[in-house]
Amino acid sequence: MTTDTLPRLHTEPAARPPGPRKPRPWGQIASQVFLICASVLWLLPIAFALYVAVRPYSDTRKYGYVSLPHHLTFKNFTDAWTQSDMKHFFWNSVLITVPAVIVVLALASGVAFVLTRVNVKLNIALLILFTAGNLLPQQVIITPLYRIYLKISLPGFLSGSGLMYNSIFGLIVINVAFQLGFCVFVLSNYMKSIPDEMYEAALVDGAGLWTRYWKLTLPLCRPALAALATLLTTWIYNDFFWAITLMSSGDKRPVTSALANLQGQFVSNQNLIAAAAMIAAVPTLVVYILLQKQFIAGLSLGSSKG
C-alpha cells in the first residue's frame with residue numbers, strides 16, 4: 001500500500017513584535033549634553049575672533065564688536081601679514097620649535113628606553129625625578145633663571161649678544177628642559193607595553209643595546225612619538241611666557257609674542273590683531289591635520305600595561 005507524500009511546508013515562526021526601546025540612561029544623556037556645551041564654549045571664542053577679523057575697523061568702531069556685520073572683508077589678513085612682518089616672526093618660531101621638538105623626542109626616547117629596558121637600581125627614582133619636574137611652576141624659577149641666563153656665555157654663532165639671554169638657543173634650551181619630563185613619563189609607560197619576548201628574541205639574535213633601541217623600540221613607538229610631536233609643537237609654538245621674559249629684542253621673538261607688538265603699533269585696531277592671531281594659529285592646525293591618525297592612535301599611550 002502506497003501513500004502519497006504531501007510536500008512539507010516550512011513555516012517560519014512568527015516574528016516577535018519589537019519590544020519597547022530601552023531608554024538611555026540619564027548619565028549618558030548628561031555626558032553628551034556636557035560634551036556639546038563644552039565644544040560650543042571652546043569654539044565660541046575662535047568663532048568670535050574670526051568674526052572680528054573679517055569685519056573692517058570702521059564697521060566695528062561705528063556699530064561695536066557685538067553687532068550685525070554691514071560689510072565683510074579679508075583685508076585685515078593681508079594687512080596683518082604685511083604690516084607686522086609676520087613672515088619673519090614665523091621663521092623665528094620655526095627656528096625655536098623644530099629643534100626643540102626634535103631634541104626633546106630624541107632625549108626622552110633614550111631616557112625612557114634606559115628606564116624601562118636597562119636594569120638600573122635608580123630607575124624608579126629617576127622616573128619620579130623627571131615626572132616631578134612637570135609639577136614645578138615656571139614663575140617660581142624665573143628670577144634665578146633670568147640671572148643665570150645673563151651670566152652664561154655662548155659663542156657668536158649661537159647668540160649675537162654672546163649670552164644665553166636674548167638668544168634663540170636659550171629659548172630652545174628652556175623649552176627642552178620643561179617638556180622633557182612629561183615626554184619621558186609618557187614614553188616610558190608606552191615602552192612598558194611592548195612585550196618582553198621581542199627583546200628576548202632580539203638578544204638571542206645578538207642585537208646590542210643600540211640596535212634594540214634604534215631598530216626595535218623606536219619603530220614601535222611611532223604612534224606615541226607622533227602624538228607627542230603634535231602636543232610639543234602646539235605647546236612650544238604657542239609659548240608666550242619664556243619668549244617675553246628671556247628675550248629682549250622684538251625681532252628675535254616668535255610669532256606669538258610678536259602679536260603683542262601689534263597692540264602698541266595699532267592701539268585700537270582689534271580687528272587687525274584678531275586677523276594676525278588667526279594667521280598665527282594656522283601652523284598648529286596643519287601639524288594636527290598631518291599627524292591626526294597617529295595622534296588618535298597614541299591617545300591610549302601605554303594603557304595596556306604599566
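Residues are numbered from 1 along each chain as its sequence is written, and side-chain values use heavy atoms, with hydrogens and water left out. In this predicted model, local features need pLDDT of at least 70 and side-chain atom pairs count only at pLDDT 80 or more, while totals for chains, interfaces and linings use all residues.

**Figure 1. Overview of the protein chain.** The secondary structure comes to 15 helices and zero strands; helices (H or I, at least four residues) and strands (E, at least two) are DSSP runs, numbered from the N terminus. Of the 306 residues, 36% are buried, where buried means under 20% relative accessible area, exposed over 50% and partly exposed in between (1.4 Å probe, protein chains only). Among contacts (heavy atoms within 4.5 Å) with a separation of 6 or more, 71% are between residues 24 or more positions apart. The chain exposes about 19400 Å², and carbon and sulfur atoms supply 68% of this area; accessible areas come from the Shrake-Rupley method with a 1.4 Å probe, and for residues only the protein chains shown count as cover.

**Figure 2. The largest pocket.** Pockets and cavities are found on a 1 Å grid over the protein atoms alone: a cavity is a set of points where a 1.4 Å probe fits but cannot get out, a pocket is an open set with protein on both sides within 12 Å along at least five of seven lines, and lining residues have an atom within 4 Å of a point. Grid points are joined across faces, edges and corners, and a volume is the space filled by probe spheres set on the points. The largest pocket has a volume of about 750 Å³. It is lined by 20 residues, of which Ile 46, Asn 238, Ala 281, Thr 284 and Leu 285 are the closest to its centre. Helices H1 (26-53), H10 (222-237), H12 (255-265), H13 (270-280) and H14 (282-290) each give two or more residues to the lining. By class, the lining has 15 nonpolar, five polar and no charged residues; Ala, Val, Leu, Ile, Met, Phe, Trp, Tyr, Cys and Pro count as nonpolar, Asp, Glu, Lys and Arg as charged, and the others, Gly among them, as polar.

**Figure 3. Helix H13.** Eight of the eleven residues of H13 are buried, so the helix is largely enclosed by the rest of the structure. The buried residues are Asn 271, Leu 272, Ile 273, Ala 274, Ala 275, Ala 276, Ile 279 and Ala 280.

**Figure 4. The largest cavity.** One cavity of 30 Å³ or more is counted. The largest cavity holds about 50 Å³ of space. Its lining includes Ser 93, Asn 175, Tyr 237, Asp 239 and Pro 254. H4 gives the most to this lining, with three residues, and the lining divides into six nonpolar, three polar and one charged.

**Figure 5. Surroundings of Ser 93.** Ser 93 lies in helix H4 (residues 86-117) and is buried, with a relative accessible area of 2%. The Ser 93 side chain reaches the backbone nitrogen of Val 255 at 2.8 Å. Leaving aside neighbours within four places in sequence, Ser 93 is in contact with Tyr 237, Pro 254 and Val 255.

**Figure 6. Surroundings of Lys 252.** Lys 252 is found in the loop between helix H11 (241-245) and H12, and counts as partly exposed at 24% relative accessibility. The side chain of Lys 252 reaches the backbone oxygen of Asn 166 at 3.3 Å. The C-alpha atoms of Lys 252 and Phe 89 are separated by 7.5 Å, although these residues are 163 residues apart along the chain.

Methods
Polar contact = N/O pair within 3.5 Å; in protein donor to acceptor, adjacent residues only side chain to side chain.
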